[in-house]
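Hi there,

Here is the structure I promised to pass on to you. Have a look at it first, and then read on for what turned up.

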Amino acid sequence: MRLSLRRPCPLLTVPVLLCALLGLTTPAGASEGPSASAAVARLYEEASLATARYEEGRRAARLQKAKVRKLDRLLSKKRRHVAVLHDDLGRLASAQYRTGGGLPYTAQLLLADDPEDLVRGKQAMWQADLAVNSAVAKTQRAAARLAVAQRDADRAKRGLDRRNARLAKLKRGIERKLETAQWALQGEADRSVAAGKCRGAVRLKQPKSSSTRAWVTPVKTYELSAGFDSVGERWARRHTGQDFAVDIGAPVRSVGAGRVESVSCGGGFGIEVVVRHRGGYFTQYAHLAAVTVDQGDKVRTGQWIGQAGTTGNSTGPHLHFETRLTPDLGSGVDPRKWLAERGVKL
């Protein structure tokens with residue numbers, strides 16, 4: 001089963017990533033009963049954290065790999081430079097030999113047509129020789145430093161690769177447990193719908209939020225699927241809301257502050273919640289696997305009110321979301337336009 005974790009968490013630094021390996025433990029499997037909702041919520045959080053750490057590790061490994069490649073290119077360039085300088089020294093030595101470098105300097109002075117020109121030429125040769133020798137030494141020292149840096153970078157990359165392999169294994173383990181918990185939760189929801197009796201609110205720990213926005217999307221991570229007023233075989237006439245493709249157990253939140261108008265279980269919408277907002281508008285959240293509120297509860301913007309599922313007339317996990325003029329079906333308005341008027345773009 002594919003996880004709907006398309007928006008990564010804030011990036012962690014590499015040291016935090018590595019330390020977190022020691023702190024993140026594989027969660028226990030989901031249990032039967034109402035705790036399935038809490039297990040799914042916890043596993044969603046852990047899967048999101050594991051995914052963020054894994055993706056950060058992959059980015060760090062890619063950067064380290066690029067650093068190794070750059071150091072390798074620089075080291076090759078320095079080595080080529082040393083080779084060129086050695087060639088220059090060889091040419092200087094050969095030129096010196098051809099111009100009398102094999103004779104003692106005193107003999108060269110005695111045999112020279114112009115001793116002053118010979119002295120000037122020798123001085124120039126010595127200076128060139130010293131310059132090349134100095135350049136060779138500096139380049140060799142630079143190459144040695146680069147070689148050490150390359151070894152360190154290679155070692156760091158191998159360490160990151162090992163840690164990323166451990167993170168990937170941990171991530172897969174959490175995802176397998178999450179999938180098991182998701183279908184346990186859906187099974188409980190299907191039994192409730194079949195009995196026509198909702199299990200009541202499951203009070204989950206709400207996420208901390210510092211947002212001051214008055215309106216938000218009904219789910220944080222999603223892909224849009226069937227839109228408002230679209231035509232299809234699954235609907236008697238036309239589609240009355242906007243569908244969000246999400247996985248079973250994904251947190252569903254109230255798009256704005258309000259009060260829970262109703263919580264129902266059964267029928268084409270399966271498990272659903274309707275919230276009344278200021279201004280006389282209502283929002284509906286349908287095909288849920290669980291609810292976290294009761295009728296009459298006051299809710300704030302972004303508060304979790306349920307978990308997505310595939311109850312009722314549903315062909316797969318998704319959230320059916322409506323904006324209505326009344327609490328009842330048939331009074332819907334286009335959710336995308338309604339949210340856009342409130343500063344929320346889908």
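Before the details, one working term: two residues are in contact here when heavy atoms of theirs lie within 4.5 Å. Please also keep in mind that this is a predicted model.

With that in hand, take Tyr 54, which sits in helix α2, residues 35–101. Setting aside neighbours within four places in sequence, Tyr 54 is in contact with Asn 164, Leu 167, Ala 168 and Lys 171. For Leu 167, the C-alpha to C-alpha distance to Tyr 54 is 5.7 Å, although 113 residues separate the two in sequence.

Now the overall picture. The protein has 346 residues, and 41% of them count as buried. It contains five helices and 10 strands. Among contacts with a separation of 6 or more, 72% join residues 24 or more positions apart. The accessible surface comes to about 19200 Å², and carbon and sulfur atoms account for 54% of that.

Next, the loop between α4 (115–195) and β1 (223–224), where Thr 217 is found. Is Thr 217 buried or exposed? Its relative accessibility is 10%, so Thr 217 counts as buried. The side chain of Thr 217 reaches the backbone oxygen of Val 219 at 2.7 Å. Beyond four places in sequence, the residues in contact with Thr 217 are Tyr 222, Arg 253, Val 255, Val 344 and Leu 346. Thr 221 is in the loop between α4 and β1 too, and because its relative accessibility is 16%, Thr 221 also counts as buried.

Val 255, one of the contacts of Thr 217, belongs to the loop between β3 (251–253) and β4 (258–265). Its relative accessible area is 0%, so Val 255 is buried. Which residues does Val 255 touch, not counting those up to four places away in sequence? On one stretch of the chain they are Ala 214, Trp 215, Val 216, Thr 217 and Pro 218, and the others are His 277, Thr 283, Tyr 285, Thr 301, Phe 321, Trp 338 and Leu 339. The C-alpha atoms of Val 255 and Pro 218 are 5.2 Å apart, while the two residues are 37 apart in sequence.

Two histidines come next. His 318 lies in the loop between β8 (304–308) and β9 (319–324). With a relative accessible area of 10%, His 318 is buried, and its side chain reaches the backbone oxygen of Gly 316 at 2.8 Å. Leaving out residues up to four places away in sequence, His 318 touches Asp 243, Phe 244, Ala 245, Val 246, Ala 286, His 287 and Gly 309. Of these, His 287 lies in strand β6 and is buried, with a relative accessible area of 4%. The backbone of His 287 deserves a look: its phi is positive, at about 65 degrees, although the residue is not a glycine. Most residues other than glycine have a negative phi.

How many cavities of 30 Å³ or more does a search of the whole structure find? The search finds one, and about 50 Å³ of space lies in the largest cavity. Its lining consists of Ser 192, Cys 198, Arg 199, Gly 200, Ile 271, Ala 289, Ala 290 and Val 291. Strand β6 supplies the largest share of that lining, with three residues. By class, five of the lining residues are nonpolar, two are polar and one is charged.

Finally, Thr 326, in the loop between β9 and β10 (332–333). Thr 326 is partly exposed, with a relative accessible area of 30%. Not counting residues up to four places away in sequence, Thr 326 touches Phe 282 and Ser 331. With Ser 331, the polar contact runs from side chain to side chain at 2.9 Å. Thr 283 is 43 residues from Thr 326 in sequence, and their C-alpha atoms are 9.1 Å apart.

Methods
Residues numbered from 1 in each chain as written. Predicted model: local features only at pLDDT ≥ 70, side-chain atom pairs only at ≥ 80, totals over all residues. Heavy atoms only, no water. Helix = DSSP H or I, 4+ residues; strand = E, 2+ residues; numbered from the N terminus. Buried < 20%, exposed > 50% of the residue type's maximum accessible area, 1.4 Å probe, protein only. Areas by Shrake-Rupley, 256 points an atom, 1.4 Å probe, with all protein chains shown as cover. Polar contact = N/O pair within 3.5 Å; in protein donor to acceptor, adjacent residues only side chain to side chain. 1 Å grid on protein atoms, 1.4 Å probe; cavity = no way out; pocket = protein on both sides within 12 Å on 5 of 7 lines; lining within 4 Å. Points joined across faces, edges and corners; volume = space filled by probe spheres on them. Nonpolar A, V, L, I, M, F, W, Y, C, P; charged D, E, K, R; others polar.
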